[in-house]
Amino acid sequence: MQQKLILPLNRTVVTASMNNAAYRAKFGFVHYGVDMVSAVGDTTIYASGTGTLIAAGWDRYAGNTVVIRYGLQKR
């Protein structure tokens with residue numbers, strides 16, 4: 001059974017989407033994630049589902065980053 005995931009921010013604004021041609025033209029590589037910010041300035045981040053935190057913090061290439069691995073949910 002698949003998990004139903006939620007967005008990690010309330011009132012989200014997507015600033016860069018996956019495989020976006022404009023991003024590739026500007027930065028010179030394919031973007032495999034989704035960048036987003038809160039429309040209201042809230043800094044609270046929610047896990048999208050049940051998963052394992054892999055990394056959190058500053059990345060010199062990606063900026064503030066949270067990486068969570070989501071597995072399949074058992075019935």
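User: What counts as a helix here?
Analyst: Helices are DSSP runs of H or I, at least four residues long, numbered from the N terminus. This is a predicted model. In it, helix α1 covers residues 21-27. Tyr 23 and Phe 27 both lie in α1, four residues apart. That spacing is about one turn of the helix.

User: How many aromatic pairs does the structure hold?
Analyst: Rings pair if their centres lie within 6.5 Å. The structure holds three aromatic pairs. One of them joins Tyr 23 and Phe 27, at 4.6 Å centre to centre. Their planes stand 45 degrees apart, and the pair is tilted.

User: Is Tyr 23 buried or exposed?
Analyst: Buried means under 20% relative accessible area, and exposed means over 50%. Tyr 23 has 15%, so Tyr 23 is buried. Phe 27 has 44%, so Phe 27 is partly exposed.

User: Which residue forms a tilted pair with Phe 27 at 6.5 Å?
Analyst: Phe 29 does, with 45 degrees between the planes. Phe 29 is partly exposed, with a relative accessible area of 44%.

User: Now a loop residue. Where is Ser 48?
Analyst: Ser 48 sits in the loop between β2 (35-38) and β3 (51-59). Its relative accessibility is 14%, so Ser 48 counts as buried.

User: Which residues is Ser 48 in contact with, leaving aside its neighbours within four places in sequence?
Analyst: Contact means heavy atoms within 4.5 Å. With those neighbours left aside, Ser 48 is in contact with Lys 4, Leu 5, Ile 6, Leu 7, Pro 8 and Tyr 70.

Notes: Residues numbered from 1 in each chain as written. Predicted model: local features only at pLDDT ≥ 70, side-chain atom pairs only at ≥ 80, totals over all residues. Heavy atoms only, no water. Phe/Tyr/Trp six-rings, centres within 6.5 Å; stacked < 30°, edge-to-face > 60°. Helix = DSSP H or I, 4+ residues; strand = E, 2+ residues; numbered from the N terminus. Buried < 20%, exposed > 50% of the residue type's maximum accessible area, 1.4 Å probe, protein only.
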